[in-house]
2 protein chains.
Amino acid sequence: MTYCLAASVNAGLVFAADSRTNAGLDHINTYPKLHPFVWEGERALVLLSAGNLATTQSVVAELQRESQSGGPLYEARYLDEAAEYVGRLSQRVQSRHTPEGPGASSVSLEATFILGGQIGDQEPGLFLVYPQGNYITCSDEQPFLQIGETKYGKPILDRIIEPSLSLEDAARCALVSIDSTMRSNLSVGPPLDLMIYQRDSLEFPRALRYKLNSPYFASIRKQWGDGLRRLFDELPRFDWEK
Amino acid sequence: MTYCLAASVNAGLVFAADSRTNAGLDHINTYPKLHPFVWEGERALVLLSAGNLATTQSVVAELQRESQSGGPLYEARYLDEAAEYVGRLSQRVQSRHTPEGPGASSVSLEATFILGGQIGDQEPGLFLVYPQGNYITCSDEQPFLQIGETKYGKPILDRIIEPSLSLEDAARCALVSIDSTMRSNLSVGPPLDLMIYQRDSLEFPRALRYKLNSPYFASIRKQWGDGLRRLFDELPRFDWEK
């Protein structure tokens, strides 16, 4: 599995992902899941990928090749047009390798993507592209999207992420969310990739990579873990304990 | 869905469950998922249920009928014998109602159970009974079991639950775990049921039920929510924020 998330706040967009891939427990690897497509001053897009590794690698490779000389991500007039293209490409890659007939392998080739960014002076946005090629965007009530192993890290996003948050707070919340997921699920693992896109900059997002022992991420992990423990110890007692 | 969990600490056992059942979004109901079977001074067992409501209700009703005059839960020599029986009964109920042949309905009749308690002077224990009737127990490393919508509430259990915890701390941790789940998933809802079994008491466990506005549960929810927010605000800043 994988865990990727993106949050949309008034100040811009935050993208984060773990980097563990696995095809069975003895085939664990590290592969980036966060792919920027930037034409400075014109448009800045970031793609996050989860699901079958062959499918996501093919889709990303194709997009990167195309983007060297324009291509559909550069030509899309709107973000949802770009999401539509990613969905179509994903479908094409999946169907190319889906065996047919009886006795066909039942391995799922499905992949899910988050595409976010900003085109010119349009509003920044986020889209989640399903394996079927269709897509949704997020709302102001819940201005984040997740793909992969999403449940462990959702409660903290539900509590914290809102449009008025600073980009840095949104990025910290993403780190805490991925940390909780890594602790509960072996298939999500370091290093973590983080990209922070400042609204209207149309520049390459600020990119950070953290290992478990990277000083900043280690300090977040420790302070959060110790703080939770203290918070728990301070919870009100039952009647009969008093 | 449903969320039930049980924790085993040196001082005894804690059982907790939400009480929402649903068969589609317009068929939401409240039904207890925590069922005690106690012969005071001899044995105290608690069953938690998740899955198809018809299956779990049939299994529980049958166990309750049988237990009025002894029955397999009373006669089992060991906890795992009782777990084995619950698994067989669940299989029997499922197969009774599973349609056969082409065009048969694809509704899943599967159910999962946690059975815990103590028999005489044996060690207290917990078993998770799968829909297939087989079962596992938990380890000292991770002395809790969960069924139903388990992921949202797992990170806090992973961090807090350990054998040396007091029964009250384990119970508080269960409440926090269910609260996080309820906030992130509509299919898990109040009231919450909690049972606290004191090791070697062989008595009816202490039973508590909490609504959202029950003073104690409301104070836990508020203190935890406010505390998380404060904890988050105090996390170390990125370099460039200083």
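In which helix of chain B is the place of Thr55(B)? In this predicted model, local features require pLDDT of at least 70 and side-chain atom pairs count only at pLDDT 80 or more, whereas totals for chains, interfaces and linings use all residues. Residues are numbered from 1 along each chain as its sequence is written, chains are lettered from A and ligands numbered from 1 in the order in which they are written, and side-chain values use heavy atoms, with hydrogens and water left out.

Thr55(B) lies in helix H1 (residues 53-67) of chain B. Helices (H or I, at least four residues) and strands (E, at least two) are DSSP runs, numbered from the N terminus. Thr55(B) is buried, with a relative accessible area of 2%; buried denotes under 20% relative accessible area, exposed over 50%, and partly exposed in between (1.4 Å probe, protein chains only). When residues up to four places away in sequence are not counted, Thr55(B) touches Ser90(B), Val93(B), Gln94(B), Leu109(B) and Ala111(B), contact being defined as heavy atoms within 4.5 Å. To the backbone oxygen of Leu109(B), the side chain of Thr55(B) reaches at 2.7 Å.

The contact between the two chains involves 44 residues from chain B and 44 residues from chain A. Chain B and chain A bury about 4,400 Å² between them, with 63% of this area on carbon and sulfur atoms. Arg159(B), Phe232(B) and Phe238(B) are the residues of chain B that lose the most area to chain A, together 18% of what that side buries. Buried area is here the accessible area (1.4 Å probe) that two parts lose on being put together, summed over both.

Six salt bridges are counted between chain B and chain A, each a side-chain nitrogen of Lys or Arg within 4 Å of a carboxyl oxygen of Asp or Glu. Glu149(A) forms a salt bridge with Lys151(B), in which the closest N and O atoms are 2.6 Å apart.

On the side of chain B that touches chain A, at least two residues each are supplied by helix H4 (154-160), helix H5 (167-184), strand S11 (192-198), strand S12 (206-210) and helix H6 (215-233) of chain B. The largest share of this side, 12 residues, comes from H6(B). By class, the side comprises 22 nonpolar, six polar and 16 charged residues. Of the 18 residues of H5(B), 17 are buried, so this helix is largely enclosed by the rest of the structure.

Particular backbone geometries occur in loops. The peptide bond from Pro190(A) to Pro191(A) is cis, with omega near -5°, and Pro191(A) is found in the loop between helix H5 (167-184) and strand S11 (192-198) of chain A. In chain B, the bond from Pro190(B) to Pro191(B) is cis, with omega near -5°; Pro191(B) is found in the loop between H5 and S11 of chain B. Asp200(A), a residue other than glycine, has a positive phi near 65° and is placed in the loop between S11 and strand S12 (206-210) of chain A. Leu202(A) is found in the loop between S11 and S12 of chain A, and its phi, near 50°, is a positive value in a residue other than glycine. At 10% relative accessibility, Leu202(A) counts as buried.

Methods: Nonpolar A, V, L, I, M, F, W, Y, C, P; charged D, E, K, R; others polar. Polar contact = N/O pair within 3.5 Å; in protein donor to acceptor, adjacent residues only side chain to side chain.
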